Amino acid sequence: MNNNSEISLNQAQTQNALSARVSSLALNSITPQTQGLLLRMFADPYLLEKPHRVELIDQLRECVSRYPQVSELRVLLGMALCVNLDVHPAIEELKESVKLAPNSFIAQLKLAELWMRLRVIDKAEEHTRLASLLAQNLAQADLARKQAATLRTMKREGIERGGYKLPFSTPLSFLRRMFSRQRSQAVVPAEIQ
């Protein structure tokens, strides 16, 4: 029994080491031109003009096609898609990055950030909580803490996308207000006479 646990532990360590090597190789395959575009995107996403955003996305897609199992590349592609306002592809890439590496701090945090920007608070809170648990240093913990605080503020202030919880709530409330106005207007003329 003890021997089997040692073997499985060694296999897990070997797998992690191989995964880290593949990830490093994949990240090193990013061309210097793409790295420059990534740096500009990280510095200020508004500085990237449309042709540069498209070029960055194309180059990152090429990297992802060469290394489809590398979560970090999918995170970068998802972030570039967000900057280009391609929401649905960004969601898919970030979800896939979380699926590939559920214990990745950055994958969880960036998926949470996207859900937060889309005002899907429940999903954002879930992924932010996971990111907080995965934080490995004070900087990561601080990023997750600040994001969680922003989510709490959004929730408290009611800045939340309603989704499909009650699809007829708005029309029903409108009808209720309309009928209450009609009743109050009908009562007022009777009182005046």
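This is a predicted model: local features need pLDDT of at least 70, side-chain atom pairs count only at pLDDT 80 or more; totals for chains, interfaces and linings use all residues.
**Exercise 1.** Determine how helix α4 is oriented relative to helix α6, and which residues make the contact between them.

*Solution.* Begin with the geometry: the axes of α4 (residues 71–83) and α6 (residues 105–117) come within 10 Å and cross at roughly 20°. Angles under 35 degrees count as roughly parallel, and α4 and α6 are therefore roughly parallel to each other. The handedness comes next, and here α4 passes α6 in a left-handed crossing. On the α4 side the contact is made by S71, V75, M79 and C82, while α6 contributes I106, A107, K110 and L114. Sorted by class, the residues of this contact between α4 and α6 comprise six nonpolar, one polar and one charged.

**Exercise 2.** Carry out the analysis for α6 and helix α8, ending with the classes of the residues in contact.

*Solution.* The helices α6 and α8 (residues 138–156) pack at an angle of about 20°, and their axes lie 11 Å apart. That angle makes α6 roughly parallel to α8, and α6 passes α8 in a left-handed crossing. From α6, the residues F105, L109, A112, E113 and M116 take part, and they meet Q140, L143, A144, Q147, T150, L151 and M154 in α8. The contact of α6 with α8 is made up, by class, of eight nonpolar, three polar and one charged residues.

**Exercise 3.** Work out whether α2 is parallel or oblique to α4, and describe the contact of the two helices.

*Solution.* The axes of α2 and α4 come within 11 Å, and they cross at roughly 60°. This crossing makes α2 oblique to α4, and the handedness of the crossing, with α2 passing α4, is left-handed. In the contact, L38, M41 and F42 of α2 meet L76, M79, A80 and V83 of α4.

**Exercise 4.** Describe the largest pocket by its volume, by the helices that supply its lining and by the classes of the lining residues.

*Solution.* Start with the volume, which for the largest pocket is about 600 Å³. Its lining consists of 16 residues, and P45, C82, V83, E113 and R117 are those that lie nearest the centre of the pocket. To assign the lining to helices, note that α2 (32–43), α4, α5 (87–100) and α6 each supply at least two residues, and that the largest share, four residues, comes from α6. By class, the lining of the largest pocket has 12 nonpolar and four charged residues, but no polar ones.

Terms used:
Residues are numbered from 1 along each chain as its sequence is written. Side-chain values use heavy atoms; hydrogens and water are left out. Axes are lines fitted to C-alpha atoms, for helices over the stretch in contact, and angles run from 0 to 180 degrees between N-to-C directions. Angles under 35 degrees count as roughly parallel, over 145 as roughly antiparallel, 65 to 115 as roughly perpendicular and the rest as oblique. A crossing is left-handed if the near helix is turned anticlockwise from the far one by less than a right angle, and right-handed if clockwise. Contact means heavy atoms within 4.5 Å. Ala, Val, Leu, Ile, Met, Phe, Trp, Tyr, Cys and Pro count as nonpolar, Asp, Glu, Lys and Arg as charged, and the others, Gly among them, as polar. On a 1 Å grid over the protein atoms alone, a cavity is a set of points where a 1.4 Å probe fits but cannot get out, and a pocket is an open set with protein on both sides within 12 Å along at least five of seven lines; lining residues have an atom within 4 Å of a point. Grid points are joined across faces, edges and corners, and a volume is the space filled by probe spheres set on the points.
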